[in-house]
Amino acid sequence: MIDHDKHEDLSRLYYLYSLVLEGVPALRRSLKTSVQRRGMDLNTSSMEGRELGDGDAEDDLDPSAKGKGKAKVRPPTSAHGLALALRWVEGVLQLKDKFDGIWDTAFKSNREIESGLNEVMMHFHFLRWRCD
């Protein structure tokens, strides 16, 4: 439902979950898991692009590592690194916009769900910067 922007269906789901005592906390956990998975996918794809570099494989090897059996990957060129960073930021902003829209329309701006979404967004932002 999230992938296909089914806001009406999500709204009905929220309504039904809100009738149950532990419904909204369960929905909050599920949304956090979904955002975390999507954020980790963004981080992983960003890191894969960083490892691939923009030149051929021989150019990316550290000269001191050649012939020693261990090849080290140099950091990407500044243009390539900037493009990867911009793509990551765009992906994060699109993800945030998507879930903000769902939160606003389908989940009636519920503060408990908002706090869960904000927590997980901050979590994978920090994971991204720790991986660099």
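The accessible surface of this chain comes to about 8600 Å², by the Shrake-Rupley method with a 1.4 Å probe. Carbon and sulfur atoms hold 58% of that surface. A word on the source: this is a predicted model, where local features need pLDDT of at least 70, side-chain atom pairs count only at pLDDT 80 or more, and totals for chains, interfaces and linings use all residues. Residues are numbered from 1 along each chain as its sequence is written, and side-chain values use heavy atoms, with hydrogens and water left out.

Now the fold. We have four helices and zero strands. The order along the sequence is α-α-α-α. Helices here are DSSP runs of H or I, at least four residues; strands are runs of E, at least two; numbering starts at the N terminus.

How much of the chain is buried? Of its 132 residues, 30%. Buried means under 20% relative accessible area, with a 1.4 Å probe and protein chains only. Next, contacts, meaning heavy atoms within 4.5 Å. Take those between residues at least 6 apart in sequence: 70% join residues at least 24 apart.

On to the core. In soluble globular proteins, nonpolar side chains tend to be buried together. The largest nonpolar core here has 19 residues. Such a core is a set of buried Ala, Val, Leu, Ile, Met, Phe, Trp, Tyr and Cys residues, joined through side-chain atoms within 4.5 Å. Leu31, Val35, Phe99, Phe107, Ile113 and Leu117 have the most contacts inside it. Two or more residues each come from α1 (7-18), α2 (23-52), α3 (78-105) and α4 (111-131). Helix α3 gives the most, six residues.

Look at Leu31. Beyond its neighbours within four places in sequence, Leu31 contacts Ile2, Phe99, Phe107, Ile113 and Leu117.

Then Ser34, in helix α2. Buried or exposed? Ser34 is buried, because its relative accessible area is 12%. Leaving out residues up to four places away in sequence, Ser34 touches Ile2 and Phe99.

A cavity is a set of points, on a 1 Å grid over the protein atoms alone, where a 1.4 Å probe fits but cannot get out; lining residues have an atom within 4 Å of a point. Points join across faces, edges and corners, and volume is the space filled by probe spheres set on them.

The second largest cavity holds about 30 Å³. Its lining is Lys96, Phe99, Asp100, Leu117, Asn118 and Met121. Helices α3 and α4 each give two or more of these residues.

Note on methods:
Buried means under 20% relative accessible area, exposed over 50%, partly exposed in between (1.4 Å probe, protein chains only). On a 1 Å grid over the protein atoms alone, a cavity is a set of points where a 1.4 Å probe fits but cannot get out, and a pocket is an open set with protein on both sides within 12 Å along at least five of seven lines; lining residues have an atom within 4 Å of a point.
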